[in-house]
Every structure is written in C-alpha cells, then in structure tokens.
Amino acid sequence: MIFHQNRHYILGFLGIALSTLTFAQKSPTEIRLSDYRPKSIFKIPVSIINKAKFAIIDMHSHDYSKTDLNVDQRVKNMDTAGIEKTIILSYETGTAFDSVVKKYSRYPNRFEVWCGFDYTGYNEPGWPVRAVKELERCHKAGAKGVGELGDKGDGLFYSKPTPAYGMHIDDPRMKPLLEKCAELHMPVSVHVADPMWMYQPMDSTNDGLMNAYTWRIDLTKKGILSHEQLIQTLKNAVEENPKTTFIACHLANCVYDLSSLGRLFDKFPNLYADIAARFDETATIPRNVHAFYEKYQDRILYGTDLGYDLNMYRNTFRILETADEHFYDEYSYHWPLYGLALGDKVLKKLYRNNALKILK
Ligand SMILES: [Zn+2]
C-alpha cells in the first residue's frame, strides 16, 4: 500500500506548478531542499509509450474504483495501456470483502479480488481456527489469493477490520493460515518493512530524505522490529511454509541491497517479488537493476500500486522498456531516472508469464 504517489499524481500537478512559479525566482540561498525540482537540460530522446509492448497482468493494485462508472473507466484505461488483468489486493474480510468482489464481478476476466486475514481476537485462544474458517469462506466467495498483508515493524496491520499489532508473518499463530493458503492454492502477497531510507536517521546524509521523511519509521516505539529483523520474519515464513507461494511486495523493500533479496530467491523457490511502487527507486540504479531482473527473470512480477491513471502506467513502461536517460518524476524523489531497457524475453516474463505461473 502506498498513498503518497497517488495523491501526488492528482494534487502534485497544482502544487508543482505553483511552487515552480514561486521558487524558481528565489535566490539559491533561500531555496529549500524540498523545493529543489530541477528540469533536465539535455537534448536527448524522450519516449512516450502509450501501450505496453506485451500484455500485462498487474499483480499489485487496490480497490481504487468506488463506483461502477469508475470500474468502467478503469477497464478503458487498462485497454488503452495494455493491461489484461489487475489483481485487486482488497485487505478485506467478511461482508466488506463480498461487496468488493461484487463491484468487480461485471468483468470476471479483467480482475481478481484477493482477501485479507481476519485478525479479530488474535490474542485469544482458538483464533487460528476462526481465522481459517473466514479464509475458507472468502475463498468460496471468490478470493484466489491473500493480500496485501503488511508489517512495517510493529505487526501485521493491513488486513481489515482488525490490525494485529505485535504479531508478525512468522508468528506460530499464522502457520495454520499460511498452510491453508497452500492447500487452497492461494498465493500470499505480503509487504514487509519499507525502503531503508525510512529506517535511517533523518539528517543531511539520508539519500532518500524527501520521501523518507514523509514515511519515516519511529524506531523508538516499543517492540518495533528493524528492517533486518523484518526481512528475517519474511525469510522464516517462506522457509517454514515451503508449499505456500509468497509474493514479497515492492521487491521486499530491499532495493538498497538487491543481493539480499537475491539470496532469498536462491534459497526458496516458493518466493516471488513484485516491483510495484518501486519504479523511481530502481530507475536511479539502472545497470544494477537490469542485471538483477535478468538474473531473477523467473521470480519478478509487474505491479503498480499507484491508482490507474494513464500517465502512471506510461511512466512504468518508460522505465522498464526504454533506455531514456536523466528524466525526473516531479512527484517523487529528487534524483533523475534512467530507463532499464529490458529485453523482450525478460519483459514478457515480468509483465505476464510469471504471474500466470502463480495464478494457474
Ligand atoms: Zn499496495
């Protein structure tokens, strides 16, 4: 789940237009770092890709469409951009889940709605049995997977209606649920941690300060896990449930050190990762990421997590498909982006074929 970029895509335009007017004329000694929004000066190719080169399954999106009309518009955008299917990670259980399923049911081939876990009473005896029951009910109601589960340090808090503070993905109480997911062939999409910048000191040395400060993690909270400890909880769960398919959201929030995710891929064939909402983070180290996507081309999945605006899709295609250099996403980090120039073989797997293996 990531809200800032959606909001920025909508509100950002006005804000940037205003701030460009106001701050471009300010003396450099008065410009705040957060207002520094350079424009590329280079006369180099600019690619606009309206439609993806190959059909896409978007493995990481949410219930952004509040009305039937919104759903219709969303399908139109998907057609224009070349998105064959979108996985709606609903977080929901109970009747709330059922109504999300209903909303998208007019387009059964274009959407899948995944459910959350019902953590209600997770500190009480007998909870796993009740939670498994609700999972089975959601599965019957149409859930083909689970997600997005989420833990940034103080426990699994994404599923509705109840956050499970203090309980992590590798908690013994979670095991019956994760095993049931294997039995029902339901993949588990789980967000652990956040990008490393959010866990580091918010000072002049923080490499991703502008986004990091907004999403900073308070490590002084009692019982909160560090980034490293969170990745360990993921590793434990994947290791202890070899029959369950896990999708680590956002490249397991390990863009700062992709080799750590690589080590997990090497060890655990039941682990995949989506690249949702990590486009600007990866497009600043294009050669490194290109090599990583080549090496692990059977394990990575396309996802967006950023609404369904056409410009959002186009930005992802530009980053994945082109060799464009030094372009900015005005609504995100301050650094310039570079296209990854992925080859057709990798693109096809990333866009669709790896997803098909999981969704079969
Ligand atoms: Zn998400």
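My entries below go from the ground rules to salt bridges, strands, a helix, the cores and the surface.

**Ground rules.** I am reading a predicted model, where local features need pLDDT of at least 70, side-chain atom pairs count only at pLDDT 80 or more, and totals for chains, interfaces and linings use all residues. Residues are numbered from 1 along each chain as its sequence is written, and side-chain values use heavy atoms, with hydrogens and water left out.

**Entry 1: salt bridges.** I began with charged pairs, taking a salt bridge as a side-chain nitrogen of Lys or Arg within 4 Å of a carboxyl oxygen of Asp or Glu. How many salt bridges does this rule give? I noted 22.

I looked up R106 and D68, whose side chains meet in a salt bridge at 3.9 Å, N to O. R106 sits in the loop between α3 (94–104) and β3 (111–114) and D68 in helix α2 (residues 68–81), so this pair ties together parts 38 residues apart in sequence. My terms here are buried for under 20% relative accessible area, exposed for over 50%, and partly exposed in between, using a 1.4 Å probe and protein chains only.

Next I checked E92 and K160, which form a salt bridge at 3.7 Å, N to O. E92 lies in the loop between β2 (83–89) and α3, and K160 in the loop between β5 (155–156) and β6 (164–165), so the pair links parts 68 residues apart in sequence. Is E92 buried or exposed? I found E92 buried, with a relative accessible area of 15%, while K160 is partly exposed at 37%.

D98 and R137 came after that, with their closest N and O atoms 3.1 Å apart in a salt bridge. Since D98 belongs to helix α3 and R137 to helix α4 (residues 127–141), the pair ties together parts 39 residues apart in sequence. I also wrote down a network of salt bridges that links D63, K66 and K103.

**Entry 2: strands.** I then followed β3, from which F111 and V113 point one way and E112 and W114 the other, all of them buried. β2 and β3 run parallel and are joined by four bridges; I count two strands as paired if DSSP finds at least two bridges between them. L89 has W114 in β3 as its bridge partner.

How many residues of β7 (188–192) are buried? I noted five of its five. V188, V190 and V192 point one way from β7, and S189 and H191 point the other way. β7 pairs with β4 (146–151) in the parallel sense over four bridges, and D151 has V192 as its partner in β7. β7 also runs parallel to β8 (246–248), with three bridges joining the two, and S189 stands opposite I247 in β8.

**Entry 3: helix α5.** In helix α5 (residues 175–183) I found L177, L178, K180, C181 and A182 buried. What covers them? My list includes α4, β4, β7, α7 (227–240) and β8. Just after α5, H185 takes a positive phi of about 55 degrees.

**Entry 4: cores.** A nonpolar core is a set of buried Ala, Val, Leu, Ile, Met, Phe, Trp, Tyr and Cys residues joined through side-chain atoms within 4.5 Å. The largest one has 95 residues, and F117, Y119 and M174 are among those with the most contacts inside it. Apart from this core lies another, of eleven residues, including M59, W114, L301 and A355. I looked at F117 too: leaving out residues up to four places away in sequence, F117 touches, among others, L135, K160, M174 and L177, where a contact means heavy atoms within 4.5 Å.

**Entry 5: surface.** My last stop was L33, in the loop between α1 (4–24) and β1 (56–61), which counts as exposed at 56% relative accessibility. R287, in helix α10 (residues 286–295), is exposed too, at 74%.
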